[in-house]
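These are my notebook entries on one structure, written as I looked things up. I begin with a question about helices and then turn to the ligands and a few backbone details.

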Amino acid sequence: MENLIREISIIGKQDPGKEKIGVGRKLYIESYGCQMNFSDSEIVSSIMQKEGFHPATVFEDADLIFINTCSIREKAETTVRRRLAQFNALKRKKPGLLIGVLGCMAERLKTRLLEEEKIVDLVVGPDAYRDLPKLVRTVDEGQKAVNTFLSREETYADISPVRLNSNGITAFISIMRGCDNMCSFCVVPYTRGRERSRDPYTIVEEASALFHQGYREVTLLGQNVDSYKWSFSENNKARLENQEHGEIYHFSDLLKMVAGIHPGLRIRFSTSHPKDITDEVLHTIKSHENICDYIHLPAQSGNSRILELMNRTYSREWYMERIRAIREILGKDCGISSDWITGFCTETEEEHQDTLSLMESVKFDFSYMFAYSERPGTPAARKLADDVPGKVKKRRLQEIIIAQKKHSLERNLLDVNKYHKVLIEGFSKRSDEHLQGRNAANKVVVFPAEKYKKGQYVNVFVDRCTGGTLLGTVSEVLS
Ligand code: SAH
Ligand code: SF4
Ligand code: F3S
């Protein structure tokens with residue numbers, strides 16, 4: 001471990017030949033999209049702070065604005081474009097202001113925003129953030145700056161993220177990047193590139209550092225955490241001598257390593273893929289009290305023909321079998337959530353009913369639900385007709401939203417009149433007289449603040465609920 005720390009500090013050193021470009025300048029970063037993007041913004045902040053940039057809390061105060069973007073649905077891109085228009089309005093009054101587009105839209109549109117639309121000064125894809133100081137310098141010198149190179153190796157393993165908008169208790173750690181799955185509707189493989197896993201020892205290092213700073217929960221992030229795979233390669237020969245494990249680290253190995261940091265550090269992870277989640281992972285969760293009993297297992301559809309068109313590589317029956325395994329190994333209280341897409345290419349009314357019936361038989365605790373949005377360049381856009389009318393997609397979406405609301409309430413009612421171990425995250429959204437945290441199953445629990453403090457584990461007796469929240473009172477402090 002000592003070797004590793006030394007290596008990190010060498011990589012982190014400033015190049016003495018170059019002047020810091022951020023001295024006296026303020027940076028504002030705004031992030032959209034998934035947790036991985038928010039986590040990337042923390043890496044970007046770290047890189048920019050080393051260059052002397054100070055954070056701006058409102059964009060009007062900034063000398064440099066970065067917008068870290070998402071391309072997952074058309075609406076995500078429209079939101080970013082609206083925001084870019086506002087930033088450009090400010091730029092007209094403040095000509096020295098620089099605007100940079102980062103993340104998935106940068107990768108998808110490449111130079112278009114810079115050269116054709118002329119609404120940004122720099123374009124930087126998700127694997128090129130180390131290059132940011134150089135790119136800003138290029139813009140300072142009056143040139144255009146673009147780097148949308150996708151890497152097969154980059155994991156930013158040595159960069160210690162600057163935690164943004166943090167409650168000081170829960171944090172996200174990226175354990176891998178990219179995706180090799182090629183679901184036909186999805187833009188992520190094109191915007192994020194090939195899947196690669198991060199050195200497990202740097203993950204443990206980051207999680208341990210967070211624990212010592214007072215954090216009590218980490219969520220391990222990846223588009224498909226179950227395919228996490230890391231081995232000591234030729235490039236890592238120095239480390240090879242220090243290795244404690246076998247050659248290959250799978251997700252269950254990583255979970256065990258992170259869970260071993262301290263019993264008081266809770267572990268969550270997202271996203272699990274139905275085709276890859278193994279019983280071994282489920283048993284690892286079961287055998288570690290501090291790995292939360294909660295699995296986000298996006299189904300997307302309840303119909304096997306649609307799943308095949310989506311190239312999800314599992315059927316409805318396979319998915320149901322995985323749910324059975326989760327319930328059998330982790331019990332009925334394990335939280336399970338999903339993502340759904342309504343109105344995917346050629347989806348019939350009956351096939352939509354299959355989604356509703358799958359939801360009915362599993363009764364998910366929570367779901368993220370979307371109407372299908374065709375993304376240019378994806379296999380679905382190239383090969384399948386986006387032929388379900390917008391109105392029908394939306395009506396189907398409404399139907400699954402209604403079903404999910406009913407199931408969330410039903411599932412929450414099962415939690416009433418029971419004790420729940422809750423990690424306190426801070427004040428409730430509605431009042432400073434109440435605190436909130438989550439139980440292992442990821443449900444928000446609200447209770448009177450009394451003398452309790454964030455970061456504590458408490459036992460809460462839940463006596464009522466809504467569809468979104470469990471409510472109760474603390475019976476004892478657990479730590
Ligand atoms: N890696 C995760 C998903 C990441 S994207 C997984 O495989 O489950 C998050 C969610 O956005 C997806 O689960 C899907 O439900 C939704 N999504 C992705 N592409 C979409 C599209 N083109 N239209 C609508 N929803 C989409
Ligand atoms: Fe997209 Fe599929 Fe990869 Fe998820 S697993 S990011 S949906 S391609
Ligand atoms: Fe969006 Fe990119 Fe994440 S497309 S969902 S920000 S990986």
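In which sense, right-handed or left-handed, does α11 pass α13 in their crossing? I found that α11 passes α13 in a right-handed crossing, where right-handed means that the near helix is turned clockwise from the far one by less than a right angle, and left-handed that it is turned anticlockwise.

Before going further I noted that this is a predicted model, in which local features need pLDDT of at least 70 and side-chain atom pairs count only at pLDDT 80 or more, while totals for chains, interfaces and linings use all residues. I also noted that residues are numbered from 1 along each chain as its sequence is written, that chains are lettered from A and ligands numbered from 1 in the order in which they are written, and that side-chain values use heavy atoms, with hydrogens and water left out.

**Entry: helix packing**

Two packed helices are described by the angle between their axes and the distance between the axes. I kept in mind that helices (H or I, at least four residues) and strands (E, at least two) are DSSP runs numbered from the N terminus, and that axes are lines fitted to C-alpha atoms, for helices over the stretch in contact, with angles from 0 to 180 degrees between N-to-C directions.

I read that α11 and α13 pack at an angle of about 25°, with their axes 10 Å apart, and they are therefore roughly parallel to each other, a term for angles under 35 degrees. Next I looked at helix α13 (residues 316–330) and α14, whose axes come within 12 Å and cross at roughly 10°; α13 and α14 are therefore roughly parallel as well, and their crossing is right-handed. Helix α14 (residues 349–362) also packs with helix α16 (residues 390–413), at an angle of about 15° and with the axes 10 Å apart, which makes α14 roughly parallel to α16. I recorded the crossing of α14 and α16 as right-handed.

**Entry: ligand 1**

The side chain of Gln300 has an N or O atom 2.7 Å from an oxygen atom of ligand 1, and a polar backbone atom of Ser373 lies 2.7 Å from a nitrogen atom of ligand 1. Taken alone, ligand 1 exposes 550 Å², and the protein buries 90% of that, with accessible areas from the Shrake-Rupley method and a 1.4 Å probe.

**Entry: backbone details**

I found a cis peptide bond joining Ser270 and Thr271, with omega about 10°, and placed Thr271 in the loop between β13 (266–270) and α11 (279–287).

Definitions and conventions:
A polar contact is a pair of N or O atoms within 3.5 Å; within protein, one must be able to donate a hydrogen and the other to accept it, and residues adjacent in sequence count only if both atoms are side-chain atoms. Angles under 35 degrees count as roughly parallel, over 145 as roughly antiparallel, 65 to 115 as roughly perpendicular and the rest as oblique.
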